[in-house]
Amino acid sequence: GCSTRSAGVAYRAAAEHALLPSDALRFVLPDFNLPLGIAFGSRGSFAPLYLGIVPLFAALYAMNDRRSLARFFTWLFWAIAAVAIVGSPVFWVMGRLPVFSYFRLPDHWLFVASFASAVLAGFGADRIGRRIQAGDVVSLWRWFYWFGAAVAAVLAGVITMNVIIHFFAEHVVTAAKAVFASTLYAWYQPSGAVPLEHYFGIIERYLPDLYQYVWLGEPMVLGAMLAVPIGLAVLFLVFTRPVLRPYAPAVLAAAALLNFLMVKSFDYTSVPASVAAGEPPTVRVLRGLPPGRVLPVLSEGYEERVVRRHYRPDRADILGYRLAMMLPNTNLLYGLPSAVLKDGLEPLAMTRLTTLIGGEPVVGVARAFTDDEEEAGRLLAERRGLLDFLGVRYLLSGFPLEGGGFPKIAAVAVGRSAIPVGIYENPTARPLAYLTRRISMVP
């Protein structure tokens, strides 16, 4: 495999996906991720942190609870945050200790923090209920003011971002390019080794990447934002209406349940059954061709770099594209042989070999291609011997490969976005098996 248990990885790779300060927004905006990790040098964490508005208030309030068990979970939460935060010296030390040296990715520890915060929400709800029923809401108001201001600021920020990106995106990108070119470029690249156009490409795709996390047309984002005023209103009414005080625990629990349904009901991607169960157009073409191994060429990188930016596919088209490109293991759905496989037990040498011919790299394996499609085609042609050795007869690619001596035998358009995928042939591929009457063993 390619984990630290196999051949080891550099510390920078092992420490990827750390907790960023911006990840705190996921307590209110559950799917938020800072695109490219700018400016923290890490892609950020993907661990679930969302509790809901009322449970979040309860968890924060419980951190001031003097009960020993509540204090334990408070310290546990902050200890795990100290391990997972980007640049954590604690994680660096743990990487040099027995047993812990086999762990990578700091956000893998965050499930403990999620558990601790859920327990704290329970302690907080109990404490809030007892305070309200006793008529002691003075301290609750102080917490409510600060909490309400913070989550309302997130809501206002999301609405502002939607307005800016929807109406002024081009002006913002143009201004950002001008500022970067006139001031920051000389600081980032005093030698000019990386061309200015590279950074312009990052600026151009940054806003669209950010938009997908704050777009109010996304049901989960809209549900999370509607949960903010609803949650604050529930807390306000429970604090101010004496008639609700005897039922405070039940009201808070009902609000948390409603919040969960509003947000988590949309946390699972759904696509039409016809996309998932049907045969992609590339598979239908391949079934009519002589048998041979298939290789998806740089499919995942091309999807992020080109498909999502230029074709704006919805979730159904993204899945359709991935199935049409026969990403690793999806070939098993159709009974077609593939040159790549995603398996934790795959030898590292085989992973490196498939990376050299266009397979996507994994942790611990250096990239063998750049984002330059013309250069990728040239490198693939230079490594034709590896393709022949592995019996790769067909290549699936979104960018042209004819220049490398791989004739195009078919072209298909995937989904409503009409994402183009070409099917190319490697005529010199070796057979997957040989038949012979006699075998001679060479000593």
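**Exercises on a predicted model**

Helix H13 (residues 315-324) has seven of its ten residues buried, so the rest of the structure largely encloses it. The model is a predicted one.

**Exercise 1.** Work out which residues of H13 are buried and which elements they pack against.

*Solution.* 
- Step 1. Apply the cut-off: buried means under 20% relative accessible area.
- Step 2. The buried residues of H13 are Ala316, Asp317, Ile318, Gly320, Tyr321, Leu323 and Ala324.
- Step 3. Their helical partners include H10 (273-277), H11 (281-287) and H12 (299-310). Strands E2 (392-397), E3 (408-414) and E4 (419-425) also pack against them.

**Exercise 2.** Describe how helix H3 (residues 68-84) packs with helix H5 (residues 110-133).

*Solution.* 
- Step 1. The angle between H3 and H5 is about 150°, and their axes are 9 Å apart.
- Step 2. Therefore H3 is roughly antiparallel to H5, as angles over 145 degrees count as such.
- Step 3. H3 and H5 cross in a left-handed sense.
- Step 4. Among the contact residues are Phe73, Phe77 and Ile80 of H3, and Phe115, Leu120 and Phe123 of H5.
- Step 5. By class, the contact of H3 with H5 has 15 nonpolar residues, two polar and no charged.

**Exercise 3.** Is Asn162 buried or exposed, and what does its side chain meet?

*Solution.* 
- Step 1. A polar atom of the Asn162 side chain lies 2.8 Å from the backbone oxygen of Val158.
- Step 2. Setting aside neighbours within four places in sequence, Asn162 contacts Tyr211, Val214, Trp215 and Leu216.

Definitions and conventions. Residues are numbered from 1 along each chain as its sequence is written. This is a predicted model: local features need pLDDT of at least 70, side-chain atom pairs count only at pLDDT 80 or more; totals for chains, interfaces and linings use all residues. Side-chain values use heavy atoms; hydrogens and water are left out. Buried means under 20% relative accessible area, exposed over 50%, partly exposed in between (1.4 Å probe, protein chains only). Helices (H or I, at least four residues) and strands (E, at least two) are DSSP runs, numbered from the N terminus. Contact means heavy atoms within 4.5 Å. Axes are lines fitted to C-alpha atoms, for helices over the stretch in contact, and angles run from 0 to 180 degrees between N-to-C directions. Angles under 35 degrees count as roughly parallel, over 145 as roughly antiparallel, 65 to 115 as roughly perpendicular and the rest as oblique. A crossing is left-handed if the near helix is turned anticlockwise from the far one by less than a right angle, and right-handed if clockwise. Ala, Val, Leu, Ile, Met, Phe, Trp, Tyr, Cys and Pro count as nonpolar, Asp, Glu, Lys and Arg as charged, and the others, Gly among them, as polar. A polar contact is a pair of N or O atoms within 3.5 Å; within protein, one must be able to donate a hydrogen and the other to accept it, and residues adjacent in sequence count only if both atoms are side-chain atoms.
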